[in-house]
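Reader: I would like to go through the side-chain interactions of this structure with you. Could we begin with the charged pairs?
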Amino acid sequence: MKNRQNSIKFLGKPVSKGVGIGPVHLLEYQSSSVRPEKIKESEVDNNLVKFKSACELLIQEYNELKNHAQTQEAQDILEAQIQTLQDPEVNKTVRHKVKNELLKTEYAIFTTYNDYIQLLESSDVDWAKERAIDVVSIRDELVNAVSDKKKSLDLKEGEIVFATDIPPATMVKISRINVAGIVMERGGATSHAVILSQSLGIPCVINVHWKRYQIKNGQIAIVDGLHGDVILNPTEEDDKRYSEIKEKDAQNLERALKWAHKPNQTTCGSQFSLRANVEFLEELPRLYEYGAKGVGLLRTETLLFEAEEFDIDAQVDFYSNVMKAVGEESVVIRLFDAGGDKLLDDADEEANPFLGWRGIRMLLDEELLLRKQLEAIYRVSQDYKNRLKILIPMVTKIEEIIEVNRICEEVKEKLKGEGIEYDESIEVGIMVEVPGIALIADRAAEQTDFFSIGTNDLTQYTLAVDRGNEKISGLFDSFHPAVWKMIKMTKEAADRNNIPLSVCGELASKPEAAALLMGLGISDLSMNAGAIPYVKAVLCNHSLKEFQELADQFWGEPDARKRDKLLQKWKKF
Amino acid sequence: MVSKKVTVKNESGLHARPASVLVKVASGYKSEFSIKMYGYNVNGKSILGVMTLAAECGAEMEVIFDGPDEEEALERIVQLFENKFLDVN
């Protein structure tokens, strides 16, 4: 942290890319600032009316928000907030405190809610603890509304939100205002606020210790969501630099989005397919805008980590929501791809988690988990025939494929026994992300319906480079010829055995890599939705012949620097 | 007054969403509704009351209705527990 000429620089964790410049808006709750105050008998009625109209006002506000909420999850959160405002016990207690104990409405609300908040916070159950933050925000909004203080959220377009943490319900509100950026002191990389900022394209940096400084509303701040820099009172030089980046980003996006709804074909008329990698429901509204044709990789780990979503019903719900959002397109569901490091709190720590108990290895040991997930998928499939596929992660042995296929059959038998219909023709494919399976791709192809190449893991395992290790981050190179040899071998095996192959890794989101993949005959790519317009613009503007030439030159060039040069011109669209 | 013992069957317990559904359905009936669990007694139409029970899968509770439509309400709520709170009409 440097402090030069009043300009303060913080470095946090970047979680949602883009540059934001704008005035600071401190999002702080006046919690614990309500003092006990008594009222006179004659003021009781007035206080009760104030309470009633504050509740009505907020209910109206929340109802309106709910009507515009784009996801089921957001609607559920807002519905719970409305029910809280209508809670008969809470309201009875508040009225009692005003009427019989002659407490001022604000204080009556404050203490009544605090009893519940305390109970929720001290619960042993995780979801109850998490709910406490939403109840705190309702409490504070009510207190503010009663005391005619500024409206709970007078956030304006273009402001940068500085918060400790943002409760889900507040985040839904923020998401309706076009803010320039979000800076949080806390906040996990998978918190609701972070997910929403990613899906809405709001630059966001977390773990920024801004509270150590005297920061005021209206001060100018810059947020760089790509690198994690947050600058307060930027120098002219900073301002100029970031304004330029911002403008360039905007121009690029605008230019790329023009391609989003054009047909997926090259200048020579050759077809390709661009689909989205998706993890959260909030990402879905963007798919259409960015021109994604379905979901090429649906990650399901979040279901596993959020205890609330663990059961079959919640999974059915989740998959159905995704299916509804993609229209007529298809969705590839990857089975839980969790590592031992993430799975359970009491999991024994592994010395090498990336070489350890993860993906299908874990699922075959925790067979019940696997069976439940398969059951949820098959249950959903009856309504979406021929549009669901299953993908097995981290396969290294043929026997693992055979075992999963067998379990699939048993799950189908079980459903049949229960009289539940399902899609008979669901394809089950495997991730090719370990060199070992790429080397025996021909044999694997005999046992499975399709291949999907995960390029990050394939790179990490082929080159023996831990992608989380900063010391060797320069060695993590998905353009290494060995990685491409793996991809090429796998594609050839798929062709020989007549099964489809797609690439669903980070690599495909780079236009130059997408061009190279097209040159290898791989035309089915899946990536984060935001990258699709850029990739599409490049693919639409060239011919298959050009891609093949690029691939041939790249393949034949032994000098890494020259290979890199070959790719340069493809990085721009 | 009518009552019945029910068991929470959803794997993740009576968390925010099922609690919300329970309160919504129960609020549609005139009868008073209370839930007894581990010696606690909460108003079943109170979302915060129901949530503070933090009932997990397998938790047993008694649901009690008292009022003009008590039979109908009880039947519906018991069914809701059976269906793991999926069915909201």
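Author: A salt bridge here is a side-chain nitrogen of Lys or Arg within 4 Å of a carboxyl oxygen of Asp or Glu. Please keep in mind that this is a predicted model.

Reader: How many salt bridges does the structure hold over all chains?
Author: There are 31 salt bridges over all chains. One of them joins the side chains of A:Lys9 and A:Asp238, at 3.9 Å from N to O.

Reader: Where do A:Lys9 and A:Asp238 lie?
Author: A:Lys9 belongs to strand β2 (residues 7-11) of chain A and A:Asp238 to helix α8 (residues 236-257) of chain A, so the bridge ties together parts that are 229 residues apart in sequence. A:Lys9 is partly exposed at a relative accessible area of 29%, whereas A:Asp238 counts as buried at 7%.

Reader: And A:Arg358, which residue does it form a salt bridge with?
Author: Its partner is A:Asp457, with the closest N and O atoms 3.5 Å apart. A:Arg358 sits in the loop between α12 (340-343) and α13 (360-365) of chain A, and A:Asp457 in helix α18 (residues 455-463) of chain A, so this pair ties together parts that are 99 residues apart in sequence.

Reader: Is A:Arg358 buried or exposed?
Author: A:Arg358 is buried, because its relative accessible area is 8% and buried means under 20%. A:Asp457 also counts as buried, at 5% relative accessibility.

Reader: What about A:Glu375, which Lys does it pair with?
Author: A:Glu375 forms a salt bridge with A:Lys414, and the closest N and O atoms are 2.8 Å apart. The pair links helix α14 (residues 367-381) of chain A, which holds A:Glu375, to helix α15 (residues 398-417) of chain A, which holds A:Lys414. A:Glu375 counts as buried at 7% relative accessibility, while A:Lys414 is partly exposed at 41%. Elsewhere, salt bridges that share partners join A:Glu367, A:Arg371, A:Glu403, A:Arg406 and A:Glu410 into one network.

Reader: Let us turn to the rings. How many aromatic pairs are there over all chains?
Author: The search of the whole structure finds 9 aromatic pairs. In one of them, the ring centres of A:Phe547 and A:Trp570 are 5.7 Å apart and the planes are at 45 degrees, so the pair is tilted.

Reader: Which residues do ring pairs link into a cluster?
Author: The cluster consists of A:Phe479, A:Trp484 and A:Phe554. A:Arg563 lies over the face of A:Phe554, at 5.9 Å from the ring centre. In another case, the charged end of A:Lys262 sits over the ring of A:Trp259, 4.5 Å from its centre.

Reader: Finally, the interface. How much area do chain B and chain A bury between them?
Author: They bury about 2,200 Å², 59% of it on carbon and sulfur atoms. In chain B, B:Glu11, B:Arg17 and B:Leu48 lose the most area to chain A, together 29% of what that side buries. The contact takes 23 residues from chain B and 27 residues from chain A.

Reader: How many salt bridges are there between the two chains?
Author: The count is 3 salt bridges. B:Arg17 and A:Asp317 meet in a salt bridge through their side chains, at 3.5 Å from N to O. There are also 8 residue pairs in polar contact across the interface.

Technical notes:
Residues are numbered from 1 along each chain as its sequence is written. Chains are lettered from A and ligands numbered from 1 in the order in which they are written. This is a predicted model: local features need pLDDT of at least 70, side-chain atom pairs count only at pLDDT 80 or more; totals for chains, interfaces and linings use all residues. Side-chain values use heavy atoms; hydrogens and water are left out. Rings of Phe, Tyr and Trp (its six-membered ring) pair if their centres lie within 6.5 Å; planes under 30 degrees apart count as stacked, over 60 as edge-to-face and the rest as tilted. A charge sits over a ring if NZ of Lys or CZ of Arg is within 6 Å of the ring centre and within 35 degrees of the ring normal. Contact means heavy atoms within 4.5 Å. Buried area is the accessible area (1.4 Å probe) that two parts lose on being put together, summed over both. A polar contact is a pair of N or O atoms within 3.5 Å; within protein, one must be able to donate a hydrogen and the other to accept it, and residues adjacent in sequence count only if both atoms are side-chain atoms. Helices (H or I, at least four residues) and strands (E, at least two) are DSSP runs, numbered from the N terminus. Buried means under 20% relative accessible area, exposed over 50%, partly exposed in between (1.4 Å probe, protein chains only).
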